[in-house]
Amino acid sequence: MKKAKLILCSLVFGLLTNLSAQAGVILSAVDVSTNMGTRFTGDINNTIDQSGLNTTFVSGVTDFDTYNPSSQSVINTAPHQWWGATDTLGYTDFDLGAVYNLHRFALWNANFIFGVKDFRVLIDDNAAFSSALDLGSFTANFDQATGQVFDLLDGVGRYVRIEHLSIHSNSSNINEVAFDVSSFSPVTSVPEPSTLAIFGLAFAGLMFRRKQR
């Protein structure tokens, strides 16, 4: 009987782990701003409108891994990029539109000599970033036509800040950015229906085993 309980507990744990590890979707921010200025026709909104991508996705619906940013290329022309002011460092802030669990960050840098080089990712639930969580620091290539994916320390929030710590050449140009997110569900004392069902099956299995004995 003891062995049967251990087996059932292991199965329940495995099912719960699988539920918590559901794949995320790819998301474009609903708004973006920067303190780094703009040159020519390179508006900052070009980084979130998918205009620079050869193959687009449905924001908040398409599976991140199925879309696979690392295999998706960009249109390398000025009207599809953001052109930052020359020799300027600063930050870009992205509003995801709601609170999400953030897992990864996809960046399509300018496929030329320009682009963000070293950067840091922060997340917060308020636009002032007064209690921001640091999700890690990274280095991006500038001459890569496809997306670069960066694994973040998982964080929860609505606002994401990319701090530009250094740049390639003299401008922090970016084609497109996107995020790997999953829905954020606050912890409650009431189990989800799927969790209740799993425990129900486990309990039924134990009762069946006891009856047989």
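A residue is counted as buried when its relative accessible area is under 20%, as exposed when it is over 50%, and as partly exposed in between, with a 1.4 Å probe and protein chains only. By this criterion, 42% of the 213 residues of the chain are buried. The structure is a predicted model, in which local features need pLDDT of at least 70, side-chain atom pairs count only at pLDDT 80 or more, and totals for chains, interfaces and linings use all residues. Residues are numbered from 1 along each chain as its sequence is written, and side-chain values use heavy atoms, with hydrogens and water left out.

The chain contains three helices and nine strands, taken as DSSP runs (helices, H or I, at least four residues; strands, E, at least two) and numbered from the N terminus. Their order from the N terminus is α-β-β-α-β-β-β-β-β-β-β-α. Contacts were defined as heavy atoms within 4.5 Å. Of the contacts between residues at least 6 apart in sequence, 82% join residues at least 24 apart. The accessible surface, from the Shrake-Rupley method with a 1.4 Å probe, is about 11,000 Å², and carbon and sulfur atoms account for 58% of this area.

Salt bridges were assigned where a side-chain nitrogen of Lys or Arg lies within 4 Å of a carboxyl oxygen of Asp or Glu. Six were found by this rule. A network of salt bridges links Asp 65, Arg 104 and Asp 180. In the pair of Arg 104 and Asp 65, the closest N and O atoms are 3.0 Å apart; Arg 104 belongs to strand E3 (residues 91-109) and Asp 65 to helix H2 (residues 64-67), 39 residues apart. Arg 104 is buried at 18% relative accessibility, whereas Asp 65 is partly exposed at 45%. The salt bridge between Arg 104 and Asp 180 has an N to O distance of 2.7 Å. Because Arg 104 is in strand E3 and Asp 180 in strand E9, this pair ties together parts 76 residues apart in sequence. Asp 180 is buried, at 3% relative accessible area.

A further salt bridge joins Glu 163 and Arg 120 (2.8 Å, N to O). Glu 163 lies in strand E7 (residues 148-164) and Arg 120 in strand E5 (residues 118-124), so parts 43 residues apart in sequence are tied together. Glu 163 is buried at 19% relative accessibility, and Arg 120 is partly exposed at 24%.

Strand E9 (residues 174-183) also holds Ser 182. Beyond its neighbours within four places in sequence, Ser 182 is in contact with Tyr 100, Asn 101 and His 103.
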